[in-house]
Every structure is written in structure tokens, then in C-alpha cells.
Amino acid sequence: MYKYYFAIASQDFFLYQEPIEEILRERTQYYQGLNKEIDFWFVINPNFLNLIDKSNCLINTSGSLAAIVSLDKQFIQWLKLRIGFVYIGSFESKSVFLPN
């Protein structure tokens, strides 16, 4: 079983209101410096929403969403502190995550 962690928000928030491209580019460069395999993905309209408990989710799931998914819980927690207005959570899957 694989455990994935995510930060989810509206596409507009990630793509136009926050410097997410810069954040992910810096993270990629950091991983390359450590010779570490990339363990995060940026996903538009993620299909894993049916796997999560939405009862505590403040995100409007009727609009276009985007998510950053990772195997690294600390990275997602750091994103929550860095960005702020995202919902974080986790899900488990028997297979390796494939975006959409």
C-alpha cells in the first residue's frame, strides 16, 4: 500500500495567485542536488477525490481543482505553512500514483 499526501486548492489559486511554479522548480532543483528521485506531482482536476473524506474539506469540489501530491508528508505540511489557503490530506492506494 502506498500512502500519498496532498495539498489541494482551486486551479486559479495555484496557477495565478501563488508562485507554485517557482516553488516546484526550486523543489526539483533541490532533489536534483541530492540525487533524489522526484516524489511529487502537480495534478489538474485530480481523480483521487473519491478516495478522500470530504466532510472536513473547505474546498468547493464543484469547481476546477488542482493538487500537489507527494509521498513526503513533511513536504505537504511545509506547503500548507508556505501557501496557507490549501486543504491537506492523505489517501492510500495499492498502486503507484499516476496523475489523472
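**Close-up views of a predicted model**

L15 comes out as partly exposed, at 38% relative accessibility; that label sits between buried (under 20% relative accessible area) and exposed (over 50%), with a 1.4 Å probe and protein chains only. This is a predicted model, in which local features need pLDDT of at least 70 and side-chain atom pairs count only at pLDDT 80 or more, while totals for chains, interfaces and linings use all residues. Residues are numbered from 1 along each chain as its sequence is written, and side-chain values use heavy atoms, with hydrogens and water left out.

**View 1. The protein chain has three helices and four strands.** Helices (H or I, at least four residues) and strands (E, at least two) are DSSP runs, numbered from the N terminus. Reading from that end, the order is β-α-α-β-β-α-β. The protein chain has 100 residues, and 40% of them count as buried. Take the contacts (heavy atoms within 4.5 Å) between residues at least 6 apart in sequence: 79% of these join residues at least 24 apart.

**View 2. L15, Y16 and I44 make up a nonpolar surface patch.** Together these three have about 310 Å² of accessible area. To join a patch, a residue needs over 30% relative accessible area and no salt bridge; like charges are joined within 9 Å, and nonpolar side chains (Val, Leu, Ile, Met, Phe, Trp, Tyr) within 5 Å. A salt bridge here is a Lys or Arg side-chain nitrogen within 4 Å of an Asp or Glu carboxyl oxygen. L15 itself belongs to helix α1, residues 11-17.

**View 3. The largest nonpolar core takes in 17 residues.** A core is a set of buried Ala, Val, Leu, Ile, Met, Phe, Trp, Tyr and Cys residues joined through side-chain atoms within 4.5 Å. F14, I20, I68, L79 and I83 have the most contacts inside this one. At least two of its residues come from each of β1 (2-10), α1, α2 (20-33), β3 (65-70) and α3 (73-83). Zoom in on I20 and, with neighbours within four places in sequence set aside, you find it in contact with F14, I68, L79 and I83. There's also a second, separate core of eleven residues, with F6, I8, F48 and L49 among them.

**View 4. Twelve aromatic pairs turn up in a search of the whole structure.** The rings of F13 and F14 have centres 6.1 Å apart and planes at 55 degrees, so this pair is tilted. Both F13 and F14 are buried. Y31 and F40 go edge-to-face, because their planes stand at 80 degrees, with ring centres 5.5 Å apart. Y31 is buried at 1% relative accessibility, and F40 is buried at 7%. Elsewhere, ring pairs link Y2, Y4, F6, W41, Y87 and F91 into a cluster. For the bookkeeping, Phe, Tyr and Trp rings (the six-membered one for Trp) pair if their centres lie within 6.5 Å; planes under 30 degrees apart are stacked, over 60 edge-to-face, and the rest tilted.

**View 5. F42 sits in strand β2.** F42 is partly exposed, at 29% relative accessibility. Skipping neighbours within four places in sequence, F42 contacts F14, L15, L24, A66, A67 and I68. Its C-alpha atom is 9.5 Å from that of E21, a residue 21 places away along the chain.

**View 6. E18 is in the loop between α1 and α2.** Its relative accessibility is 19%, so E18 counts as buried. Leaving out residues up to four places away in sequence, E18 touches F13, R82 and I83.

**View 7. N35 has a positive phi without being a glycine.** The angle for N35 is about 55 degrees. N35 lies in the loop between α2 and β2 (40-44) and is exposed, at 73% relative accessible area. N45 is another non-glycine residue with a positive phi, near 45 degrees. N45 belongs to the loop between β2 and β3, and at 41% relative accessibility it counts as partly exposed.

How values were computed: Areas by Shrake-Rupley, 256 points an atom, 1.4 Å probe, with all protein chains shown as cover.
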